[in-house]
Amino acid sequence: MTQPGASEAPKEASASVVAQHAATLKALPFSDASDFDDASRGFLGTLEHARIASAQGRVVWSLEPYGFLSDEKAPATVNPSLWRQSRLNMHHGLFEVVPGVYQVRGLDIANMTLIEGERGVIVVDTLTSIEGARAAMELYSRHRGKRTVAAVIFTHTHTDHWGGARGVLDDETLASGGVPIIAPNLFMEHAVSENIIAGPAMLRRAQYQFGPFLAKGPRGQVDCGLGKSMAAGAVALLRPTDLIMVTGDKRVIDGIEFEFQMAPNSEAPAEMHFFVPRYRLLNLAENCTHNFHNLLPFRGADVRDALAWSKYLGEALQMWGGRAEAMCGQHHWPVWGEQRIDTMIRQQRDLYKFAHDQTIRLMNHGLTAAEIAETIKLPASLEGAWHARGYYGHIRHNVKAIYQKYLGWYDANPVNLDPLPPVDAGRKYVEYMGGADAIIARAREDFAKGEFRFVAQALGHLVFAEPANQSARALLADTLEQLGYAAESATWRNAYLFGAQELRQGMPKASPRPPMPRETLAALRTAQLWDLLGVRLNGPKAEGKRIVLNWAFTDTEEAFVVTLENCALTYIEGAQDAAADAGFTLARGALDEVIAKQTNFPDAVASGKIEVSGNATRLAELMALMDEFPRMFEIVEPRRTTVS
Ligand SMILES: [Zn+2]
């Protein structure tokens, strides 16, 4: 008898995984240590273990749990190429890029770049959290002296690049309005919207991408590819005061000239690159990093445009090729020297172009997404370039994203047009395959042969047919685990290992979802709030109902008619309906307070913040039709709750 709970513990790597790792060690240029030299070059100092705590003592970031990465040799349970990247991402502290330009790295998944001006310092990206940004600024000041912040630049719309802005600009500075906040055009429109409408689904899926609930260790989470992991801490969005509109736009900030290049719909919907002639410094934001980035992250997103991405890198070469002495990004470490910069940009440009063009070529030959992933192979010149390896995105899922962008989910084979959903299909597969025991017996044989991909598929059907079958769950968990150990991509590893963990232990307990912060709400247009409400409407419950509400906002001078009919919530902007059931007159901030649960609707009415006409109970009736979304839902097994 095994110990109770022993089957829940992570296992050893199998012989086939060990053999795969040995082949990887032979195939890739592990003797090339230039990345390690670059990642440590210019080191000035750091915080112990890169540990950052909030004022309440809550640790929001620490690399201490990753101490196991000090071993140079990868354990059998981690792909050696991923182990190498995980070790590179352990470098932390303040680094000089060139005299006058510094980076804080490893105190967050992203970097902060600090560019010294005549008197002050220009801060490029502000990390994920206020605590992190504050710690980064203190570290910088300790080594470079106290300098006032001359400007803040946000390179793009992802939270790890703006969430900590309030740790860089204190309230007094903010109130004075004297410090420009510079961002690419459409920054506010995209900064929060990418994660709002599908937020609940995306956040749950992100757990599979980043692995925050996995133990850190050789059999658990080791990295995210782009950096160590997601940072915790307080996040606040600051509105930019100066938008860069077109490629070629320039600004002189604190005596330093910046030349900008727009790169919309690349890694983020609004993103930009820049060159600083004074320092011969090129910054390509998150479009030229030390890994093949994601064209479609596992959390889910709009598919990114690989073709545009490649063109921006080509354009950057054309604009600034041969002029940069150092190139840094907002993740990973810089590269120095004209020749090496040129090579890296060319290879990254061609990585995205190759993936794009060859996917389309194979697609036009009739291959489906899964077949393209199986067929495509990077050319030798890119295969051996460390920065082209798929630690975050991966060629095998990026090609599927490209296929999806052009052709969508359907492979055009009508057998896949209307398949049974997982539970129904699972039951039929199990029946056709001769029952659970027959499947498990065959699966064990194939597991021993290292055929993990098909074993996972077959056992997946069994778990959906019989979620209480412990042998099936345990063997599927073991199988996903081996796939995780084999994976070179950190996101694949996290996904596989977290799937294994949930099969063994069930879903982690998560605290209830906090209400949306006021600042996030303030960044949303009122029309977006109605869109957000629309996706919470429970269609079946709304059957037969018709509710019409007028909304008038005193401060923004907006007016809306919001209508529920045909189980759909729609709105007309700039109008009021004379026959509406009720009308509400209020400041937009009052609505935000209600949504943020800082007050409730009746209290806001009683205090005079909201003026009501007509039958206000119709609003309560509408709100009673809204769903609350769970923070957690089953992924590797059937849902326990019925949703209709
Ligand atoms: Zn980022």
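**Notebook: buried threonines, a zinc site and a helix pair**

I began with Thr359, which is buried, with a relative accessible area of 0%. The model I am reading is a predicted one, and I keep that in mind for every entry below. I placed Thr359 in helix 10, which covers residues 338-364. Leaving aside its neighbours within four places in sequence, I find Thr359 in contact with Phe354, Ile372, Ile376, Val399, Ile402 and Tyr403.

**Entry on Thr289**

I then looked up Thr289, which sits in the loop between strand 14 (281-283) and helix 9 (306-320). Its relative accessibility is 1%, and because buried means under 20%, I note Thr289 as buried. Once its neighbours within four places in sequence are left aside, the contacts of Thr289 are His331, His332, Met344, Gln348 and His387. One of these contacts, His331, is also a ligand of the zinc ion, which took me to the metal site.

**Entry on the zinc site**

Which residues coordinate the zinc ion? I read off Asp160 through OD, His161 through NE2, Glu286 through OE and His331 through NE2, at 2.0 to 2.3 Å. I recorded the spacing of the donor residues in sequence as D-H-x124-E-x44-H.

**Entry on helix 8 and helix 18**

I next examined how helix 8 (residues 199-210) packs against helix 18 (residues 490-505), and found an angle of about 110 degrees with the axes 5 Å apart. Angles of 65 to 115 degrees count as roughly perpendicular, which makes helix 8 roughly perpendicular to helix 18. On the side of helix 8 the contact is made by Arg204, Gln207, Tyr208, Gln209 and Phe210, and on the side of helix 18 by Thr491, Asn494, Ala495, Phe498, Gly499 and Glu502. I sorted the residues of this contact into four nonpolar, five polar and two charged.

I followed the chain to Lys509, in the loop between helix 18 and helix 19 (518-523). Lys509 is exposed, with a relative accessible area of 79%, and its C-alpha atom is separated by 36 Å from that of Asp171, 338 residues away along the chain. Helix 20 (residues 526-534), by contrast, is mostly covered, with seven of its nine residues buried; among them are Trp530, Leu532 and Leu533.

**Entry on positive phi values**

Finally I looked up two backbone angles, bearing in mind that most residues other than glycine have a negative phi. Leu186 has a positive phi, near 70 degrees, and lies in the loop between strand 9 (181-184) and helix 7 (187-191). Asp254 also has a positive phi, near 50 degrees, and lies in the loop between strand 11 (250-253) and strand 12 (256-262). Are these two residues buried or exposed? I have Leu186 as partly exposed, with a relative accessible area of 38%, whereas Asp254 is buried, at 16%.

Conventions. Residues numbered from 1 in each chain as written. Predicted model: local features only at pLDDT ≥ 70, side-chain atom pairs only at ≥ 80, totals over all residues. Heavy atoms only, no water. Donors = N, O, S within 2.8 Å, 3.2 Å for Na, K, Ca; no water. Axes fitted to C-alpha atoms, helices over the stretch in contact; angles between N-to-C directions. Helix = DSSP H or I, 4+ residues; strand = E, 2+ residues; numbered from the N terminus. Parallel < 35°, antiparallel > 145°, perpendicular 65-115°, else oblique. Contact = heavy atoms within 4.5 Å. Nonpolar A, V, L, I, M, F, W, Y, C, P; charged D, E, K, R; others polar. Buried < 20%, exposed > 50% of the residue type's maximum accessible area, 1.4 Å probe, protein only.
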